[in-house]
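The structure is shown first, and the description follows.

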Amino acid sequence: MIGIIDYGMGNLHSVSKAMERLGLSYFISPYVEELKEADGLILPGVGSFKDAMNILEADGLAPFIREWSQADRPLLGICLGMQLLFEESEENGTTQGLNLLPGRVRRFRGVTEAGEAYKVPHMGWNLLTFWQPEHTLLQNTAPGHVYFVHSFVVEVKSRDILIATCTYDVEVPAVVGQNATMGTQFHPEKSSQLGMAMLENFGNFVAQEVKARG
Amino acid sequence: MLTKRIIPCLDVKDGRVVKGVQFLGLRDAGDPVELSTFYDQEGADELVFLDISASHEGRKTMIDVVEEVAGTLAIPFTVGGGINALEDMRAILRAGADKVSLNTAAVKRPELITEGADYFGSQCIVVAIDAKYDESLGSWRVYTHGGRNSTALEVKAWAREVVERGAGEILLTSMDQDGAKTGFDLALTEAVNEVVSVPVIASGGAGAGEHFPPVFQQSNADAALAASIFHYKETSVAEVKKLLDEQGVVVR
């Protein structure tokens, strides 16, 4: 059973509907006591990094998610949920993140090095480059387009965690991961077959982990 | 590289897709779910649903439609038409839409854009602008109420304002071109694109597949929206994308 973390900042409906389409069992909960019973967690999220961290800290979800990840249990962050996995964000001053992956979140500059302006948010379909095609989330998929909507981008401190990227002025970490903690900057639930395949892969990974744990 | 988007628009009245959708091979050409699946499979990058219900019941039905569509569609979709308050936005977004589109209500009370953007994030607030060229103004004027009422607003100034207020995207419809089927309004699209920092969706005037490349090549639109040309199968999303690809416009 996958637990979708409800902290008031995600479009839970689209993620949960995607789970239903894939036939994956899930529940939505804001409570640590309930989420603790899940086999895998999804951290969705749309909106501001600072607001999100404030809620996660206030509700006791932040320490719970950290422990979960450190215990190497399956965790998938989506969009803002992926950014929250990193050390900090420059959104509205510096805000500490969950600090599970090495890197920081900064705003797209909106101007190229050559001085040319480009649009922010990065909104639409962009082509992925796979760096770790053997990764859990990329099983049985091929590089294709996925749907992004974001104004902030992660600067990773280690390329080891880059699983797939795309380019929008800078290199955009699109799929990241370390051990059982992973994330997608784009919305897999809105990214047609390729995105749905990645969600399904996460579901399969959770099922394998359940088996492995006995 | 970010691709250019092709967006079919569906008019929904009392829970049914209306305005001559002529599809063979569908069990029910008026069913929003069946049609969205069809367009998704054809390669549509996004969909827009425009609620043209006049009654309160019709609007309530729209929420059910949104929920049902969200349950089957794995691409983003926007819902517009009759959204007047934060409550309306909440209901539609909660039902599973990715974005809401504001038009007349935003002109009446521009604060609504700010409120929506602050509460739900700019990424889900689209402002639709209906534009018509005005000789005396030497520019385009903003219209409301589905193009029936003119306003004192100049389009570029209004576009700048809605972005400052937090709109994440502009859906720009040329009333001069709408229904004419002679191509998108390139001058209008370019004029607005030059003054805003958010994506611009060009709308109005698509009459053939050949009308799509220029709107991307010459006026640098981020997306193009069309309705009847797709509904009547004058061309298809797949054909348009093939044409764009052949002409060097990057598509999915």
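Contact here means heavy atoms within 4.5 Å. The model is predicted.

## Extent of the interface

On that definition, chain B brings 36 residues to the contact and chain A brings 24 residues. About 2200 Å² of area is buried between chain B and chain A, and carbon and sulfur atoms give 54% of that area.

## Polar and charged pairs

Between chain B and chain A there are 2 salt bridges. In a salt bridge between side chains, B:Asp222 meets A:Lys119 with an N to O distance of 2.5 Å. Across the interface of chain B and chain A, 12 residue pairs are in polar contact, both residues of each pair being at pLDDT 80 or more.

## The chain B side

Helix 2 (56-72) and helix 3 (86-94) of chain B each supply at least two residues of the side that touches chain A. Helix 2 of chain B gives the most to this side, with 4 residues. By residue class, the side of chain B that touches chain A divides into 17 nonpolar, 8 polar and 11 charged residues.

## Helix 1 of chain A against helix 2 of chain B

Helix 1 of chain A packs on helix 2 of chain B at an angle of about 55 degrees, and their axes are 7 Å apart. Because of this angle, helix 1 of chain A is oblique to helix 2 of chain B.

From helix 1 of chain A, the residues making the contact are A:His13, A:Lys17 and A:Arg21; from helix 2 of chain B, they are B:Glu67, B:Ala70, B:Gly71 and B:Thr72. The residues of this contact comprise 1 nonpolar, 3 polar and 3 charged.

## Helix 1 against helix 6 within chain A

Within chain A, helix 1 (residues 12-22) and helix 6 (residues 192-213) pack at an angle of about 75 degrees, with their axes 10 Å apart. Roughly perpendicular covers angles from 65 to 115 degrees, so helix 1 of chain A is roughly perpendicular to helix 6 of chain A.

In this pair, A:Ala18, A:Met19, A:Arg21 and A:Leu22 of helix 1 meet A:Met196, A:Leu199 and A:Glu200 of helix 6. The residues of the contact of helix 1 with helix 6 of chain A divide into 5 nonpolar, no polar and 2 charged.

Terms used:
Residues are numbered from 1 along each chain as its sequence is written. Chains are lettered from A and ligands numbered from 1 in the order in which they are written. This is a predicted model: local features need pLDDT of at least 70, side-chain atom pairs count only at pLDDT 80 or more; totals for chains, interfaces and linings use all residues. Side-chain values use heavy atoms; hydrogens and water are left out. Axes are lines fitted to C-alpha atoms, for helices over the stretch in contact, and angles run from 0 to 180 degrees between N-to-C directions. Angles under 35 degrees count as roughly parallel, over 145 as roughly antiparallel, 65 to 115 as roughly perpendicular and the rest as oblique. Ala, Val, Leu, Ile, Met, Phe, Trp, Tyr, Cys and Pro count as nonpolar, Asp, Glu, Lys and Arg as charged, and the others, Gly among them, as polar. Buried area is the accessible area (1.4 Å probe) that two parts lose on being put together, summed over both. A salt bridge is a side-chain nitrogen of Lys or Arg within 4 Å of a carboxyl oxygen of Asp or Glu. A polar contact is a pair of N or O atoms within 3.5 Å; within protein, one must be able to donate a hydrogen and the other to accept it, and residues adjacent in sequence count only if both atoms are side-chain atoms.
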